[in-house]
Amino acid sequence: MSFAIGQLKLESNLFLSPLAGYTNLPFRLIIREIGGVGLCTTDLVHARSLLEKNRKALQLIQTRPQDRPLSVQLYGTIPEEMRDAAALLESLGVSSVDINMGCPVRKICKNGGGSSMMADHAKAARVVSTMVNAVKIPVTAKMRLGWDNENLTAPDLAKALEDAGVAAIAVHGRTRQQGFSGAVNLAGIRTVVQAVRRVPVIGNGDITTPQTAKMMFDQTGCAAISIGRGAFYNPWIFRHVAHYLTTGELPVAPDFEEHMNVMKRHLDLMVEIFGERQGCRMFRKVALQYSRSLGPTKEFHKLVVRLSTRAEFDDILVAYRAWRSQFLDADGNLLPHYEPHPLGLAAQPAHAVKVPAGPNELW
């Protein structure tokens, strides 16, 4: 399962996608500690903000030696700014730079970034070539299939970016208009795989289980996969996918105690990296996601949304264990009626993303 993007050698072809607000340093370290991932990518960072040493931009690229290999995802439309930001990241030891051409959020697109870059192939290729000529590390790009089902421009854009020197292309199998709703279009990703000749295509979208990971490989012909929301619902997914692809056997889901240990480790990292107050506040939404596979969680949710200190979390877990005991049998297992879906088997709904009525509104 070893893999290469340009000259960058990776131990796995299973990657962590950028997930705004979630794929920060603590989460990336958790994913790496659990195992199976080959490359992690940061939240998207504005090139100009990075060059201006904006505090939030610098926090987004915060890393440490254990967080390698690392790719930083940039967005922006001015070739010179993207070039200089890539050069800065290379000087800081980043392994790869990814260009965001797929974000559907209006705030990003209205300034010509994200998915709106798919409307002007020449401009997108100019950004890529300017960056490629300035750095030695691989420059990659992530895109969607197009604006909507009538404007599936990804294959043509992929060919233009390949000619411009991009080292790999990641494709989220939805259109800009879909946001994160509807089903991923595996056939659409396959058309991108078939459109390029030299660079690997990385499939992305709705990978929540080992079975859906295999389906992505089998039905698209992609060389690697990238997992975003599926990793947050199930931080073990990379290890599970690697096991399944190697052996054909589904791994045993982590038990309650392993969940508790990973949650506590994640919170410790949040506090260490962001400070106790900010780390605890940020961890509230993290804990809610982790709890999806724990069975009844009403009491846990009620307490954790007010978390403000590390010590409080230990008290919350004591209270939660006591409350949860009413749903257990004599052996300490959840009664059948209260068992959740097996970890990661159901794709979780995303928040609706408001999009424009059509390409002419912003393009």
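Start by selecting helix H12 (residues 256-274) and helix H15 (residues 310-324): their axes come within 11 Å and cross at roughly 165°. Bear in mind that you're looking at a predicted model. Angles over 145 degrees count as roughly antiparallel, so H12 and H15 are roughly antiparallel to each other.

On the H12 side, show Phe 256, Glu 257, Met 260, Met 263, Lys 264, Leu 267 and Asp 268. They meet Arg 310, Phe 313, Asp 314, Leu 317, Tyr 320, Arg 321 and Arg 324 in H15.

**On to the barrel.** Hide the side chains and pick out the strands E3-E4-E5-E6-E7-E8-E9-E10, which form a closed barrel of eight strands with parallel pairing. The twist averages 30° from one strand to the next.

To see where E3 meets E10, select strand E3 (residues 14-16) and strand E10 (residues 224-227); they run parallel and are joined by three bridges. Click on Phe 15 here, and look across to its bridge partner in E10, Ser 226. While you're in this area, bring up helix H9 (residues 210-220), which lies across E3, strand E9 (201-204) and E10. H9 runs at about 140° to E10.

**Next stop, strand E5.** Select residues 70-75. Is this strand enclosed or open to the outside? Six of its six residues are buried, so E5 is largely enclosed by the rest of the structure. Check both faces: Leu 70, Val 72 and Leu 74 are buried on one side, and Ser 71, Gln 73 and Tyr 75 are buried on the other.

Strand E4 (residues 39-46) runs parallel to E5, with five bridges between them; look for Leu 44, whose bridge partner in E5 is Gln 73. Strand E6 (residues 96-101) also pairs with E5 in the parallel sense, over four bridges. There, Leu 74 stands opposite Ile 99 in E6.

How does the chain get from E5 to E6? Show helix H4 (residues 79-91) as well: E5, H4 and E6 make a right-handed β-α-β unit. Another helix to display is H6 (residues 121-132), which packs on the sheet and touches E5, E6 and strand E7 (139-144). The direction of H6 makes about 170° with that of E6.

**Last stop, helix H7.** Select residues 154-164 and colour Ala 154, Pro 155, Leu 157, Ala 158, Leu 161, Glu 162 and Ala 164, which are buried. What covers them? The cover includes E6, H6, E7, strand E8 (168-172) and helix H8 (186-195). Step just past the end of H7 and you'll land on Gly 165, which takes a positive phi of about 105°.

Finish with H7 and H8 together. Their axes come within 8 Å and cross at roughly 30°. Angles under 35 degrees count as roughly parallel, so H7 and H8 are roughly parallel to each other. Their crossing is right-handed. Zoom in on the contact and you'll find Ala 154, Pro 155, Ala 158 and Lys 159 of H7 meeting Thr 191, Val 192 and Ala 195 of H8.

Definitions and conventions:
Residues are numbered from 1 along each chain as its sequence is written. This is a predicted model: local features need pLDDT of at least 70, side-chain atom pairs count only at pLDDT 80 or more; totals for chains, interfaces and linings use all residues. Side-chain values use heavy atoms; hydrogens and water are left out. Buried means under 20% relative accessible area, exposed over 50%, partly exposed in between (1.4 Å probe, protein chains only). Helices (H or I, at least four residues) and strands (E, at least two) are DSSP runs, numbered from the N terminus. Two strands pair if DSSP finds at least two bridges between them. A crossover is right-handed if, with the strands pointing away from the viewer, the path from the first strand over the helix to the second runs clockwise. Axes are lines fitted to C-alpha atoms, for helices over the stretch in contact, and angles run from 0 to 180 degrees between N-to-C directions. Contact means heavy atoms within 4.5 Å. Angles under 35 degrees count as roughly parallel, over 145 as roughly antiparallel, 65 to 115 as roughly perpendicular and the rest as oblique. A crossing is left-handed if the near helix is turned anticlockwise from the far one by less than a right angle, and right-handed if clockwise.
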